[in-house]
Amino acid sequence: MGNIFSTIKENSVSIYRVLIFLTAIAIVVYILPREGKFPYEYSKGKPWKHEMLIAPFDFPVYKNQQELQKERDSILANFRPYFVFDTLKGVEQTHRSLLDIENKKEELIGNYPFLEQQARGNDSTLWYLLKNTLERELASVYSRGLIHVPESYANADDAFELILIRNNFAEPSGLSEFHNYQSAYQQISLMLFRQLRDASEVEDIRLDNLISDLQLNKYLEPNIKYDTERTSREREAVLKNMSLTSGVVLSGQRIIDTGEIVDEKTAKILDSLKKEYESSLGGGSGYYFILLGQVLLTFLFLTIIYLFLFFFRRDVYNNLLSITFILLMVIGILLLARLSRLFEFFPLYIIPFAILPIIIRTFFDSRLAFFMHVITILMAAFFTRNSFEFVYMQVPVGLIAIFSLFRMVRREQLVRASIFIVLTYSAFYSALAILQEGDLQNIDMSLYGQFLINGGLVLLVYPLIYIFEKAFGFISDVTLVELSDTNHPLLRRLAEKAPGSFQHSLQVGNLAQEAVYKIGGNPLLVRAGAMYHDIGKIVSPIFFTENQNTGFNPHANLDHEKSAQSIIQHIENGVKIARKHKLPEQIIDFIRTHQGTTKARFFYNSYKNEHPGKEPDETKFTYPGPTPFTKETAILMMADAVEAASRSLKTFTDEEIEKVVENIINSQIEENQFVNAPITFREITQVKEVFKQKLKNIYHARVEYPEVKSQVQTSEHNEPQTPPDKPDE
C-alpha cells in the first residue's frame, strides 16, 4: 500500500495533467451540439462534387431567411389590430355633460341672456334647445364611436382596417367609420350653432362665444380603445401559424447530379435535406452514436494538443497552470460558438476568434498560438452550417492577428491588429461570395457590420491580458516594457543607492539583449531581468566594488568568509525585495539564477592563498543557485560575468577582450552552470561572438584630439620676434 501511495505521489503531476485533459474533453463534448453532420459539403454557385444525390426520404423544403422575412413583413403589413367598443362610455359622458351644464345654468344665462328667449317655432326656450341638442349629438358621436389610435398606427390612412369587438362580437371595420377628436368636436359644435341660429336672431359671434364657453372637449373621451394584449396574442398566433415550408421532396426523387451547378433552388433543397438529416440523427439510438463520435473526435483533437506540447513545448507541458489556461481558452471560444448557435441575436461572425491566438502568442509563442487556433477552429466548425466557409475565413484571420501583434508593446498595435482583422474578414468573405454567387448583388452586406463588431471586440484583449497575468502568473511584453522603464520606483531606488550597480545592470541588459536577438528568445524578458538582477545590492551597496567611490572598502576589516557571505547575500536580499514589490516570478528567476552555483572567486582564492594547508568550507563561498534553466537566464549569467570582468581590464585590446569572454564563459561551462538550460554549444559560441563585438565597440580606442595652441605659442613658433613699437614720447 505504501508503494502505491509513493508511486502516485511521484507521478502526481502526470496524473493531474491527464485529469485536466479528460475534464476538458468532457466539457467540450457537453458543449458540442447533439446532432449529426451532413456528409456532403457544397456551396451555392459552385459545381456539385459528389455522386448523384437521390432523396433518401420524404422531407419538406424549408423557406430561407429572406423568404421568411418577406412573408413575415407581408403578414405584419396586412395584420388588423384589435379595438374594443365601450358601450358605457357614451352614457357616462352624456350624463356628465348635462350635469355640468345644469350647474353652470345661472352663469351661462348671466353671460348670455338670450338663452331665456322663446325658441322660434318651438314651445321651449333656447336653453332647453341647447341641452337637448347637446344630449342628442353626444349620443350620436358615441353611438358611432370615438376612437383613439396608438402612436404605432398614427400614420394610418382612412383605408386602414381594424377588428372591432362590440358586445363580444368581432367584425372588421375601417378607420374612416369612426369619429376622431376633431370630427366629433366639429359635429357637436356645428349642430349646436345651427340649431341656436335657426331658432333665434342672435349674432353668430355670440353663438361662437357660447359654444366655446361650454368646453365641449371635456366630454370627448374615446369609447373605442386599442386592445394591446389581444392584438399581441393574435399577432403571435398568426406568425406562429406561418408556413415554414414551400413544398415537399419525395423519397427517390433526384436532387442533383455530379458537376451540376448548385443554384438557389437546389441550395434551398440541399439545406432542407441537411436540416432534416442532422435532426433525425439526434433522436433514438442515433443520439448515442453521435455522442460516441463526438467523444472520439474530441479525444483525438485534445490528444494532438497533448502530443504537440510533449514534443515541441515541454516547458508548457510541465506547467499544469499553463495547460489549464490554454484549455480554458479553447473551451471559452467554443462556449461563445455555442451561444451563437442558441441565440439569433448573437451571430457567429461577431465572435472574436482571433483573441485566442493573440493571447496565446502574448504569453507563449507564435507556433503554439497558430496551432491552438487551428485546432479550436476545427472544433468550432461543428457549430456552423457551412464548415468549409467558416474554416476558410478563420484560419487566415488567425495568421494576420499573429503577424500584426508579433510584439505587443504599445496599445496602438492592438488597434492596428483590429483593423487588419476586419479587413481580412471582409476581403476573404468578398472573394468567397463573388466566387459562389458570380456577382456582387447577392453579397450579404450585414456581414460587414458583424466584422466591424468583431474587430471592436478584439480590443478586449488588452484588459484580458492584464486579468490573465494576475490570475495565472504570466507576463506579457507590455508588462516587460513597463518594468524596463528606468523611471520604475525600484530602479530609481537602485540608481540612487547603488549607482554603479545600476550602470552595470544597464550594460548587462544591452549585452544580453543583443545575444538574444542573435540566437532567439525573448529580448524584452532578458532586458527586464537584467535591470533587476542585482536589485539586492541596494541593501549594502558599499560592499560592491562598482559602488565604492569614496576609497573606503569595508572588506578590509572582514575575514574572507564574512566578505563572501556579504556578497552572496545580495541574491536572497534581491528575491525578498522583488517579492515585496510584487515583481513577476519570471523576473525573480533572473535574480536567483544569475550567479548560479558559482563561487565568490576573489574571496575563495584569497582564503586558499592565506591558508595553504587548510581546506575552506566551500558552502560559505558558494552562491545558493539554482543554475539557469531558460535560454534567457543562461544568457544573462554570461553577460553579467563578462561585463563585470571587462571592467577589471588594464588594457582594452581586442586580444584581451576576446580572452576575457572565452575564459569567463568556458569557466561557467566547466562548472556545469548551463546543464539545465535549453541552450546549445553552437548558441553559446554565437553569444561569445556577440559579447566580443559589443565590448570592442564599447572599449574601442579613440582618436586623441589635438589641443588648440594659444596665440602666444603660435606667434613664438610661426612669426619672427620683433620688439614692440616704442610709444611716442
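**Figure 1. Pro626 lies in the loop between α26 (601–610) and α27 (631–646).** Helices here are DSSP runs of H or I with at least four residues, strands are runs of E with at least two, and both are numbered from the N terminus. Gly625 and Pro626 are joined by a cis peptide bond, with omega at about 5°. The model is predicted, so residues are numbered from 1 along each chain as its sequence is written, local features need pLDDT of at least 70, side-chain atom pairs count only at pLDDT 80 or more, and totals for chains, interfaces and linings use all residues. Side-chain values use heavy atoms, with hydrogens and water left out.

**Figure 2. Four strands make up an open sheet of mixed pairing, in the order β5-β4-β3-β6.** Two strands count as paired if DSSP finds at least two bridges between them. The edges are held by β5 (169–174) and β6 (224–226), each with a single partner strand, so one side of each has no neighbour in the sheet. On average, neighbouring strands of this sheet are turned by 35° against each other, direction ignored. Strand β3 (residues 82–85) pairs with β4 in the parallel sense over three bridges, and Tyr82 has Ile163 in β4 as its bridge partner. Towards β6, β3 runs antiparallel and is joined by three bridges; Phe83 stands opposite Tyr226 in β6.

**Figure 3. Strands β4 and β5 form a hairpin with two residues between them.** Strand β4 (residues 161–166) runs antiparallel to β5, and six bridges join the two. Across this pairing, Leu162 stands opposite Ser173, and Ile165 stands opposite Ala170. In the turn, Asn167 has a positive phi of about 55°.

**Figure 4. Gln215 lies in the loop between α8 (204–213) and β6.** Although Gln215 is not a glycine, its phi is positive, at about 50°.

**Figure 5. Helix α24 (residues 560–580) and helix α25 (residues 585–593) have axes that come within 9 Å and cross at roughly 170°.** That angle makes α24 roughly antiparallel to α25; angles under 35 degrees count as roughly parallel, over 145 as roughly antiparallel, 65 to 115 as roughly perpendicular and the rest as oblique. Axes are lines fitted to C-alpha atoms, for helices over the stretch in contact, and angles run from 0 to 180 degrees between N-to-C directions. Ile571, Gly574, Val575, Ala578 and Arg579 in α24 meet Glu585, Ile588, Ile591 and Arg592 in α25, where contact means heavy atoms within 4.5 Å. By class, this contact of α24 with α25 has five nonpolar, one polar and three charged residues. Ala, Val, Leu, Ile, Met, Phe, Trp, Tyr, Cys and Pro count as nonpolar, Asp, Glu, Lys and Arg as charged, and the others, Gly among them, as polar.

**Figure 6. Helix α21 (residues 489–497) packs on helix α22 (residues 499–519) at an angle of about 125°, with the axes 5 Å apart.** This makes α21 oblique to α22. Leu491, Leu494, Ala495, Glu496 and Lys497 in α21 meet Pro499, Ser501, Phe502 and Ser505 in α22. The contact of α21 with α22 has five nonpolar, two polar and two charged residues.

**Figure 7. Over residues 712–729, pLDDT stays under 50.** The predictor's confidence in each residue is given by pLDDT, from 0 to 100. For residues 712–729 the model has four contacts beyond four places in sequence. Where pLDDT is low, the predicted coordinates should not be read in detail. The mean pLDDT of the chain is 85, and 91% of its residues reach 70 or more.
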